[in-house]
Structures are given as structure tokens and as C-alpha cells.
Amino acid sequence: MCGISGYFGKQKINDNFIHRTLNLMKKRGPDSQNFWQHSNNNSNVVLLHSRLNIIDLNDRANQPLKIGHYILIFNGEIYNYIELRKNLKKKNIKLKTTSDTEVLLWFFKIYGEKCVNYFEGMWSFVIYNQQTNEAFLSRDRFGEKPLFYYYDNENFYFGSEIKFIFSLLNRKLPVNRELISEFLLKGYRFLFKKNQTFFEKINFLENGHSMVISNNQITKCFRHYKPNKFEKLKNINEIIKEAKRKLLKSMKIRMRSDVPVAFCLSGGIDSASLVSISCKELGINAKTFSIIDSDPRYNEYENIMETVKDTGCDNQMIKLNDIDFFDHLRKLIKYHSSPISTISYFVHSLISREASSQGYKVIISGTGADEIFTGYYDHYLYHLSSLSTKKSYDQNLKFWEKNIKKIIRNPILREPLSFSNKLLYEENISKHVFDSSEKFKKFCKINNNEKFFEKKEYKNLLRNRMFNELFYEVVPVILYEDDLNSMMNSIENRSPYLDSQLYEFSLSIPAENLIQNGYNKFILRESMKGILNEKVRTDIQKKGFNASIQTLINLKDNSIRDQILDDSSGISEFVNLNEISKILNVEKIDNSFNKFIFNFINCKIFLDEWT
């Protein structure tokens, strides 16, 4: 896990800019910083790298790594590098390190652009061919590792973080005011549906894509990953057995590390399953970190303790009321170069900070399980809409009404027919995904009327929703925030559910089997029998990794209110401060306004820091 940045173009990059950028990259890679520079006729190349030692701690594995006329800078992990090494040894290739970095570059030398098809892992990397003046850039299937760029048809700047680009460019670019407006009105799900960021002209290489730069020009950009489609499995017992096997395999290779590994542990089935696998199946005495919120809507203490007692893992709980909210949020926004998407990622950053202070360099999280196995309340309604027989519909509806309806607050999701046909789906999906945006219009001065849209990949509503959440709406936001939160503290974040073989296997599960007997994540729950404690395994309520804004700050405190409503940043261009002041007087803020106030504070601080 590391940081990368660089430049292809006609200009000569000032040495001071290079060293300044390397200094900015130290948090991503405190163990080594270096660069490679080359001029060829009318073309200049600079490749910068900062290293966080995870695999092969020896200096021999430092980057940029050069083999022949190929130079590599790489951020991420190729988890199956041990198996790939055996392939190289059969070809009589003598390796000089035990790192996955060297394996990656050799595979490119042998297989070219198709090398990525062999990798199981997370990556963003750049390989420059000194002979042809051509560079190959690639990003992993799910987009776990970021790669931003600025391109003006003559100069190409790139980096793991936007501020690295600004440093090499020697100037900031204007903020994307349209995206700020959309974020305030529609929330986080809109952020990665288009190739844009909170700064104008800064784009990102999309997940599962590769790009070729030749003579300083983008000559090719293509999608290298499209999931393999398998024949639908019919035997439910075989499905459960194979799900368990695939998840255990994913966990096993993601525990490969030459430094200590820790876990995020919430009260839900996703992270608790990973901790339980680690302790019971892999024989690892896991160190875990958890967040405790005093608000009962988000407090997961009981479930967390069930997993701790069952596995015997070493757990540390972090209490939210011990945090200096504004100080910490300002530091996060300055480092992220963007508003923080939701309260969840403010909370997550506290785990990374604590784990780093105790010497951990790798942390495991449960990202992706909701989108692969079904995890959200709306999934039940998409599931109901696609059931093929009246008998199965009636049975599932009965389970839903008994177990789920009573814990749902959203009126759209309390109506089982909300997505029962195309017209209802199109009418309700936008209202639901852009949760409460109609409420927020009176607070926002710039109301963008762009309608909700989604990629059409599957005819089945549930499958298509999960696909959009995984690749465009939810997981990209989580991965963006998780990467920055962890790297701000020099920690690598790993996500075992984001395994290509596990994901592609999940596509072979008939959609009707994903939810059964009133339980979402039915296949995951059944596969964890005997591994995960029963209290968590059978808990149907989803609290999510969240917190209340009223836990984090006292909105009744006049000094805090003055700070929130101060207009020195120019936030009043986007919102009506008088209307916002009225929300602050509410005794108990509901969940939707909880999100809105947090987003408003974020945008205000972002404008303070970056304009």
C-alpha cells in the first residue's frame, strides 16, 4: 500500500515541486519516498512513489521499480502473488524480491495489458515503457485504490490524491460548485455516478478500467473487467457450501502480510463474520476496534460484545463523545481534499487513527457484503417485485410484514408494492435513492433538477440495484473515504468481500435465494452457521456504521451554533442560513436532517479550506 503520482508532458517539472509532492505523500508511505525522472526529445516523465511497507519489508522492494526498460509505480496489493510467483518460476524467471510489486511488473512484461486478468487484489499502478514513450495505467475491478488525473491535451498529471496533482501543477483548480449543490441536495449517492470530483477538470480513472498514454496523449481508455457469468446454481446446500469456501479463501489470501493486521468490528454480520473466520478458522487472535455511540439508534454494544465473547478477540471500544468534532473534521477535510460524504466515514476515521497509534499497518473491513449478498431494507421490496409465483410472493410478504416492516421508518419502504411495476419503480426509486431531497429544497438556493439515473445491467430489479450500488453509488464512496481515512494514518484497508471470485460466484445464485424467510443475506448467514455467534447471525435489524450529529456536537451551545452559521466561507451561496438555524432548534433531529446538517457543515469547512 503506497502513494503514487506523476506527470507526462512537454514541461520540465521543477525539482522543488517534486520534493514538495513527495513530502505530501509521506502519510501514504512513510517508509520510503523516491522518484524517477526522464526526458526524451519533447517529452518529460516524472514518476513519484511513497511506500508503506507491508510485503517484503526490505529496501530491495522499494519503488519506482525498474526491470529492463519498464518502470513501475504501484499502490495496492496483489493478494495471489504467491501463486503467481510459482508461474514465473516455471518460466525460469529469477526474482530478486519476495514482493508482489516485482510479480506485477513481470506479468506485465509477459502478458502486457492482459496482466490484470491474472491479479486478485486492489491496485492502481502506472508502468512506463522507456523505449516506446508509452505508459499503461490501471485501476482494480472494484476501485479500491484511487487514481485521479488532470489532462489538458498536452499535459497529463496523476496521483493517488488530488492534492498531489495540485502540488506538481503548482496551483489549485477551482472547486466544482455544481457538485457541491448536488451533494447538499441529493447526498452521497450522486458523487461517483459521473466522472467528476469536487474540483473542476480533475477526473478519476473508473473502477475496472485501464488507460494508455502515448507521447503525452491519452490514446486509449477501456474497461478491462466485466464479471464472468456462471450458470445458475440450483441446489441451495451447494450454494451455501460454496459461499463459505469462497469467503474463507478470500480471507486467507487477504491475511498475507509481514506486519500486524487488525479488524473493524461493528454489530452487524459483515465484519463479525470476518472476525469470527479469523479467530475460529484461521487460528488468528484478532485485534478489533469498535465505535460506541450513546444514541440507541446507532448503539451496537450488545452485538459487538457477543462477538467478542464468542471469539475471545481483543477488542477496543472508541466512544464518540470523547472527540473534538470540529478539529477532527477540519483535519479530515483538509487531508481528503473534499467534504466527508457521510457521518459513517467521520466515525471510521477514528478507528484508523486508533489502530495506527497502536502500531497496526493493515485493517480489515466488511465493505461490499451488503451489495453482494443483499443488505439494505429496500432490497426486500425489489426481491418481492421479482418473485415468479403467487405462492412465493405471499410467503415472502408474510415474512417481511412480520419481521421487517415494523423496523422501517421510510414511508416508501413501508409499502410492499412500491417497486411492483415499471411505472411505480421509476416514480419511487428517485425519491428513495435521493433520500429526502424534496425536504432539502427549501434549504438549498441552487436546485439542480437532474433526475436519478442508473445503469441497466440486469432485468431483475434486485440484481440491477445491487450492481449500481456496488459499482456506481455506494461502494465507490465507501472505498474513496476508507482509502483516505486509512492512508491519513498510514494504514492499508482491505475488503475481503470485494473478491472477484466471490462476487462472480454470487452472480450464479438465483435472485430468489438471496432473501429467504424474512432474512436478507440469507446465503451469507447460512454459510456462517457454526462460525458466527447466533445472536449476530440471526439479527435482522440493520443499524449501520453510523452516528448522530447530536452525539458529536451540542447544537444548543450558542458558540457552536455561531460557528455553524458563520458565513465567512460563502456557504450562503448554496444554502439559506435562516432556514438551517431553525433545524438546529429541534429537540430530536430525524435521520434525514441528521445527514443534511453534517453535509452542510462539511461543505462549509471545505469551502473554508479549499477556496
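Visitor: At roughly what angle do the axes of helix 14 and helix 16 cross?
Guide: This is a predicted model, where local features need pLDDT of at least 70, side-chain atom pairs count only at pLDDT 80 or more, and totals for chains, interfaces and linings use all residues. Residues are numbered from 1 along each chain as its sequence is written, and side-chain values use heavy atoms, with hydrogens and water left out. Helices (DSSP runs of H or I, at least four residues) and strands (runs of E, at least two) are numbered from the N terminus. The axes, lines fitted to C-alpha atoms over the stretch in contact with angles from 0 to 180 degrees between N-to-C directions, come within 14 Å for helix 14 (residues 422-433) and helix 16 (residues 461-473), and they cross at roughly 35 degrees.

Visitor: Which residues of helix 16 make the contact with helix 14?
Guide: Contact means heavy atoms within 4.5 Å. Helix 14 brings Tyr425, Ile429 and Val433. From helix 16 come Leu461, Arg465 and Glu473.

Visitor: How far apart are the end C-alpha atoms of helix 17?
Guide: The expected span is 1.5 Å times one less than the number of residues. Helix 17 (residues 475-488) has 14 residues, so it should span 20 Å, and the model agrees: its end C-alpha atoms are apart by 20 Å.

Visitor: Which residue in the turn between strand 11 and strand 12 has a positive phi?
Guide: Two strands pair if DSSP finds at least two bridges between them. Strand 11 pairs with strand 12 (residues 217-223) in the antiparallel sense over six bridges, and His209 has Arg223 as its bridge partner in strand 12. The two strands form a hairpin with two residues between them, and the turn residue with a positive phi, of about 50 degrees, is Asn215.

Visitor: Which residue stands opposite Ser214 in strand 11?
Guide: Strand 7 (residues 134-139) also pairs with strand 11, in the antiparallel sense over five bridges. Standing opposite Ser214 is Glu134.

Visitor: Which strands stand at the edges of the five-strand sheet?
Guide: This open sheet has parallel pairing and the order 15-14-13-16-17. Each edge strand has a single partner strand, so one side of each is left without a neighbour in the sheet; these are strand 15 (314-319) and strand 17 (492-494).

Visitor: What angle does the direction of helix 7 make with that of strand 13?
Guide: Three bridges join strand 13 (residues 261-264) to strand 14 (residues 287-292), which run parallel. Helix 7 (residues 269-280) packs on the sheet and touches strand 13, strand 14 and strand 16 (362-364); its direction and that of strand 13 make about 145 degrees.
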